[in-house]
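Reader: Could we go through this model together? I would like to start with how its elements are assigned.

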Amino acid sequence: MISCSTNHSTPKALAPLANAVRSAANIIPETAEMEGTLRVFDPDIRKRFIQRIQEITQNIAAAYRTKAEIEVLSDVPPMVCDKKEVDWCSDIIREVDDSLSVDQFHAMGSEDFACYSELVPTAFFMMGAGVDDPKEHLPQHNPKIRFNEKVLPIGAAVYTTAVLKRLGR
């Protein structure tokens, strides 16, 4: 669906996760649920994908002479940063510590901060806070993740410098 619904260079991600409820291996379940995430940068593409998911789901259900319902549980907007703000914040980061690496990239994560980015020009940054020992690295959503707290003063200095500059101090 994704490859034929948009330009191949448009960033997007659809991650379906199936979850069927069964009482035994040889019994067709009465109901089944399918959950997933959809992440895009363009609200129009998001709307079009949700419409296509509706169409495809209804047609598959009709082919099996059953019914299907689609429910969008969360509709977080895309996280879109303002280039001018990102450049300004990148300069602040380098001012605080010119040895810091500043990479600009799109992040497909579902982020509440995106609600602000719809209303005002914003910049969103993530700080690398991995532990020193590479053998102890864990992915973000792992319940056993550990962070390198040595980066906290750097983050606080960046935020403080940005606020003071914005206030003209």
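Author: Helices (H or I, at least four residues) and strands (E, at least two) are DSSP runs, numbered from the N terminus. Cys-115, for instance, lies in helix H4, residues 114-117. This is a predicted model, in which local features need pLDDT of at least 70 and side-chain atom pairs count only at pLDDT 80 or more, while totals for chains, interfaces and linings use all residues. Residues are numbered from 1 along each chain as its sequence is written, and side-chain values use heavy atoms, with hydrogens and water left out.

Reader: Which residues make up the largest nonpolar core?

Author: There are five: Ile-92, Ile-93, Val-102, Val-158 and Ala-162. A nonpolar core is a set of buried Ala, Val, Leu, Ile, Met, Phe, Trp, Tyr and Cys residues joined through side-chain atoms within 4.5 Å. At least two residues of this core come from each of helix H3 (83-96) and helix H5 (152-166).

Reader: And what does Ile-92 touch?

Author: Not counting residues up to four places away in sequence, Ile-92 touches Val-158, Thr-161, Ala-162 and Lys-165. Contact means heavy atoms within 4.5 Å.

Reader: Which residues of H5 are buried, and what do they pack against?

Author: Gly-155, Val-158, Thr-161 and Ala-162 are the buried residues of H5. Seen down the axis of H5, they fall within an arc of 130 degrees, so they line one face of the helix. The arc is that of the directions from the helix axis to the C-beta atoms. These buried residues of H5 pack against H3, while the face turned away from the buried side carries the exposed Leu-152 and Pro-153. Just after H5, Gly-168 takes a positive phi of about 80 degrees.

Reader: Turning to H2, what span should its 21 residues have?

Author: At 1.5 Å a residue, H2 should span 30 Å, and its end C-alpha atoms are 30 Å apart, which agrees. The expected span of a helix is 1.5 Å times one less than its number of residues. In H2, Ile-45, Arg-46, Phe-49 and Ala-61 are buried. They cover an arc of only 135 degrees around the axis, which puts them on the same side of H2. Asp-44, Lys-47, Asn-59 and Ala-62 are exposed on the face turned away from that buried side.

Reader: What is phi of Arg-65, and where is that residue found?

Author: Phi of Arg-65 is near 55 degrees, a positive value in a residue other than glycine. Most residues other than glycine have a negative phi. Arg-65 is found in the loop between helix H2 (43-63) and H3, and is exposed, with a relative accessible area of 79%.

Technical notes. Buried < 20%, exposed > 50% of the residue type's maximum accessible area, 1.4 Å probe, protein only.
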